[in-house]
Amino acid sequence: MKIGIVGAGNIGSALAMQLTKLGHSVHIANSRGPETLKDVAEKTGATPVTIQEAASHGEIIVVTIPLKNIPDLPKDLFANVPENVPVIDTSNYYPILRDGRMPELETGDLTESEWVQQHLGRKVVKVFNNIHAEHIPTKGLPKGTAGRVALPVASDDAAAKQKVMALVEELGFDAVDDGSLHESWRQQPGTPAYGADLTADKLTGLFEKLGPKRTEAQHAEYLANHAKLEREMAAKSSS
Ligand SMILES: NC(=O)c1ccc[n+]([C@@H]2O[C@H](COP(=O)([O-])OP(=O)(O)OC[C@H]3O[C@@H](n4cnc5c(N)ncnc54)[C@H](OP(=O)(O)O)[C@@H]3O)[C@@H](O)[C@H]2O)c1
């Protein structure tokens, strides 16, 4: 497949490397231009391009940039991208370490990817947000292997979700349907699924237990869990 990636950091580069290994044609972009991506190209085998070229290279597009930068993307980035091309969103909200407070993400009405979807003006598929970037090349296993890590996939577009779930399987992970984008709070930071590398059985069981609707108590608990994690990460990086 032709796959375009907007964002060439931890996740963009890890995905590019694995996808080129699988034989896909990957075009990758950052904010500073293709001339700054020589090292990434060498490491991943992907072709450096502009963000417009990455967004139009494709059967699948991945947007993987810091959440706070999503509104900086050109409003017409996907204007000429056919409706049947899935746009993957890998975002997480890191208010303390990176993004600053976004009150609209703290009321519990919107999930993080619903906010991204509103800004992009385009339906998105949420996936790859709850696995560490370094686990993408190291934790993939053939289908059927015991202990294979599962990744949740959420979207309001059923066809796009199916196409992305097939890609997740190809990358060596079980794809677990996490429902609509409004239900994707279950894979956000602070939840038991976040960064936990659970198997499909465990992840499915967890989602059944949590149910589709986030309660106020759950929302408060997960925000607090994530704030604790962010503070620990900040302390670690300053020590
Ligand atoms: N790191 C992880 O393990 C991990 C795991 C799961 C999900 N995530 C989430 O995935 C997203 C990306 O994370 P990351 O760790 O890969 O980020 P990162 O390493 O900081 O890389 C960010 C990339 O986005 C590019 N970028 C920033 N603003 C842009 C813009 N306006 N237009 C085009 N490109 C832009 C940057 O390009 P320049 O360098 O040129 O500015 C850079 O290539 C975040 O929401 C993060 O929370 C991360």
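A: Start with the term pocket. On a 1 Å grid over the protein atoms alone, a pocket is an open set of points with protein on both sides within 12 Å along at least five of seven lines. A cavity is a set of points where a 1.4 Å probe fits but cannot get out. Lining residues have an atom within 4 Å of a point. Grid points are joined across faces, edges and corners, and a volume is the space filled by probe spheres set on the points.

The model is predicted: local features need pLDDT of at least 70, side-chain atom pairs count only at pLDDT 80 or more, and totals for chains, interfaces and linings use all residues. Residues are numbered from 1 along each chain as its sequence is written, and side-chain values use heavy atoms, with hydrogens and water left out.

Now the largest pocket. Its volume is about 1200 Å³. It is lined by 46 residues, and Asn10, Ile11, Thr64, Pro66 and Arg98 are the closest to its centre. Sorted by class, this lining has 19 nonpolar, 23 polar and four charged residues. Here Ala, Val, Leu, Ile, Met, Phe, Trp, Tyr, Cys and Pro count as nonpolar; Asp, Glu, Lys and Arg count as charged; the others, Gly among them, count as polar.

Which helices supply at least two residues each to this lining? They are H1, helix H3 (51–55), helix H4 (95–99) and H8. H8 gives the largest share, with four residues. Helices (H or I, at least four residues) and strands (E, at least two) are DSSP runs, numbered from the N terminus.

Follow H1 into the sheet. Helix H1 covers residues 10–21, and the chain crosses from E1 through H1 to E2 in a right-handed β-α-β crossover. E1 (residues 2–6) and E2 (residues 25–29) pair in the parallel sense over five bridges. Two strands pair if DSSP finds at least two bridges between them. Lys2 stands opposite Ser25 in E2.

E1 has another partner. It pairs with strand E4 (residues 60–63) in the parallel sense over four bridges. There, Ile3 has Ile60 as its bridge partner. Four of the five residues of E1 are buried, so the strand is largely enclosed by the rest of the structure. Buried means under 20% relative accessible area, exposed means over 50%, and partly exposed lies in between (1.4 Å probe, protein chains only).

Now return to H8, which spans residues 216–238. This helix also gives the most to the lining of the largest cavity, again with four residues. How many cavities of 30 Å³ or more does a search of the whole structure find? It finds four. The largest has a volume of about 130 Å³. Its lining has 13 residues; nearest its centre lie Glu112, Gln188, Pro189, Tyr222 and Leu223. By class, they divide into seven nonpolar, four polar and two charged.

Look again at Tyr222. The structure holds one aromatic pair. The ring centres of Trp185 and Tyr222 are 6.4 Å apart and their planes are at 20 degrees, so the pair is stacked. Rings of Phe, Tyr and Trp (its six-membered ring) pair if their centres lie within 6.5 Å; planes under 30 degrees apart count as stacked, over 60 as edge-to-face and the rest as tilted. The pair links distant parts of the chain, 37 residues apart: Trp185 sits in the loop between strand E8 (174–177) and helix H7 (200–210), and Tyr222 sits in helix H8. Both Trp185 and Tyr222 are buried.

Terms used. A crossover is right-handed if, with the strands pointing away from the viewer, the path from the first strand over the helix to the second runs clockwise.
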